[in-house]
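Trainee: I would like to learn how to read the contacts in a model like this one. Where do we begin?

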Number of protein chains: 2
Amino acid sequence: MLKEERQQTILNEVELHNRILLTDIAEALDVSIDTVRRDVKELDSENKLRKVHGGAISLGFTVNSTRNQNVYRLEEKNIIAQKALSLLKPGSVIFIDGGTTCSELARLMPHNLEITCFTHSLPVASELLNKPNVNVIIVGGQVSSESQTTIGANAIHNLSEIRVDFSFIGTGYVDSFYGLTEFDWDIVQVKKAVIKSSKKTVLLSISEKLNSQHRYKTCDINAINTMITELNPTDALLNSFRNHDIHIL
Amino acid sequence: MLKEERQQTILNEVELHNRILLTDIAEALDVSIDTVRRDVKELDSENKLRKVHGGAISLGFTVNSTRNQNVYRLEEKNIIAQKALSLLKPGSVIFIDGGTTCSELARLMPHNLEITCFTHSLPVASELLNKPNVNVIIVGGQVSSESQTTIGANAIHNLSEIRVDFSFIGTGYVDSFYGLTEFDWDIVQVKKAVIKSSKKTVLLSISEKLNSQHRYKTCDINAINTMITELNPTDALLNSFRNHDIHIL
DNA sequence: TAAATCCATGCAAATATAGGCATGAAAATC
DNA sequence: GATTTTCATGCCTATATTTGCATGGATTTA
């Protein structure tokens with residue numbers, strides 16, 4: 001039996017059954033396991049099937065799992081979250097916004113830090129529930145499926161009744177001239193309420209968002225007390241923010 | 001059976017049912033629990049599912065939480081949730097309690113049913129966020145890490161300002177004489193508030209909980225309008241509940 | 001807090017793999 | 001046509017992987 005012929009048979013079997021065992025093929029074609037292994041290895045490198053331990057499976061067989069949970073720019077967001085943590089003291093009362101950067105902050109929150117934390121983000125609340133010493137309070141309201149945060153009149157009203165030491169907020173876009181801007185009107189309203197309820201507002205933003213703007217404005221850049229990016233505070237990218245009265249971390 | 005094949009099967013099961021038990025998979029695939037555990041662990045590290053104590057859950061349907069989720073008596077809870085769905089009509093305004101049975105109800109909610117749903121449970125809210133036609137409103141308040149629901153004075157006050165057509169509640173214990181009882185005092189207070197805010201109250205409970213009681217009382221059995229278990233309504237176990245004015249489903 | 005359940009770890013047996021080497025057949029070269 | 005080269009193949013061995021089981025520790029549930 002020719003090599004080509006054999007490999008074609010293997011491919012057919014894989015297509016037919018979605019999977020094969022090397023031992024089965026070896027027996028069926030009356031060749032050694034080693035030969036089949038070499039064939040399959042070759043077919044794998046030609047991307048005609050996928051070799052696995054003990055056999056091979058059809059390429060089309062693997063069903064893609066629902067969602068790729070990869071967080072965009074996780075490294076940068078991790079650095080930002082680390083920096084933000086340095087602002088926290090035991091007993092602080094803080095607010096944490098939605099978004100992946102803020103979720104990262106929640107995820108990295110130390111287990112032994114006793115603080116009270118308001119949030120309107122479900123993912124943030126979930127992360128914080130793992131921290132025994134964090135008192136988590138969710139701001140009630142209508143839940144936006146897109147952002148997984150509560151929004152709307154009720155959420156804004158609830159926010160109006162609190163006052164926290166620090167709020168850690170994210171933003172869609174930030175520019176030293178245009179300030180913080182968003183794509184979504186409802187989100188802007190909530191962020192405004194958050195800033196109004198905070199003694200100090202800390203902006204967490206990856207450098208990628210610097211010098212960009214969009215339709216709806218959350219606040220002027222002056223409304224921010226501290227700005228945290230993954231960059232070194234002396235980085236040239238931050239020059240335009242230095243005129244303002246902002247602490248850059 | 002190939003390892004890859006097995007893992008693919010596990011993934012398919014998780015996608016299909018959103019939750020699986022390690023023991024079920026082990027039995028179905030005729031391999032040891034250890035093997036399934038190793039597979040699930042591997043799939044978890046590949047971010048294809050999330051491993052939880054005793055089983056695994058789909059990624060898409062959970063908030064970003066490492067907290068374990070209970071998969072105990074899932075079959076029964078599934079049946080109960082199915083029955084509960086039959087009570088819903090388009091336009092209904094309902095409340096869904098915390099607990100795995102209620103989460104199951106949220107998970108099974110049809111995508112095309114337009115309803116407004118209040119909840120104080122984070123997992124329930126997360127499940128409902130996947131349903132484009134469900135308007136989700138979270139009752140704000142302090143979050144109990146144990147139950148993953150909001151509790152306390154603020155939550156109770158927020159509940160006092162709403163009135164829903166149906167509330168679907170779970171309970172720790174239920175007995176035809178002692179009524180609904182709980183282990184936890186705070187939970188009882190919230191459930192009381194929920195019942196007060198509902199035109200009709202529907203109890204979801206697996207039969208295992210029937211004829212059991214605990215320290216704190218939520219309400220008399222008469223306060224319940226409809227009771228749903230996984231049993232056939234004519235089952236003898238339900239006899240003691242028949243004297244009361246309860247619709248047994 | 002106690003009982004039940006689940007999990008991580010190490011171990012051993014079975015199986016799979018990679019790479020070296022020998023053999024024989026086909027192909028290329030002289 | 002004889003010799004050399006190339007290649008496919010099978011066999012062997014050391015190594016790696018997979019899997020079930022036992023154990024002690026961790027977690028969950030009541």
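Mentor: Begin with charge pairs. A salt bridge here is a side-chain nitrogen of Lys or Arg within 4 Å of a carboxyl oxygen of Asp or Glu. Over all chains, the whole structure holds 16 salt bridges. In one of them, the side chains of B:Glu4 and A:Arg50 meet at 3.1 Å, N to O. B:Glu4 sits in helix α1 (residues 3-17) of chain B and A:Arg50 in strand β2 of chain A, so this pair joins two chains. Helices (H or I, at least four residues) and strands (E, at least two) are DSSP runs, numbered from the N terminus.

Trainee: What sort of model is this, and how are residues and chains labelled?

Mentor: This is a predicted model: local features need pLDDT of at least 70, side-chain atom pairs count only at pLDDT 80 or more, and totals for chains, interfaces and linings use all residues. Residues are numbered from 1 along each chain as its sequence is written, chains are lettered from A and ligands numbered from 1 in the order written, and side-chain values use heavy atoms, without hydrogens and water.

Trainee: How many salt bridges are there between chain A and chain B?

Mentor: The count is 2. B:Glu5 and A:Arg19 also form a salt bridge through their side chains, at 2.9 Å, N to O.

Trainee: How do I judge the area of the interface?

Mentor: The size of an interface is often given as the accessible area lost when the parts come together. The value is summed over both parts and uses a 1.4 Å probe. Chain A and chain B bury about 2,900 Å² between them, with 58% of it on carbon and sulfur atoms. Contact (heavy atoms within 4.5 Å) takes 37 residues from chain A and 33 residues from chain B.

Trainee: Which strand of chain B pairs with β6(A)?

Mentor: Strands pair if DSSP finds at least two bridges between them. β6(A) pairs with strand β7 (residues 141-144) of chain B, antiparallel, over 2 bridges. A:Ile137 stands opposite B:Gln142 in β7(B).

Notes: Buried area is the accessible area (1.4 Å probe) that two parts lose on being put together, summed over both.
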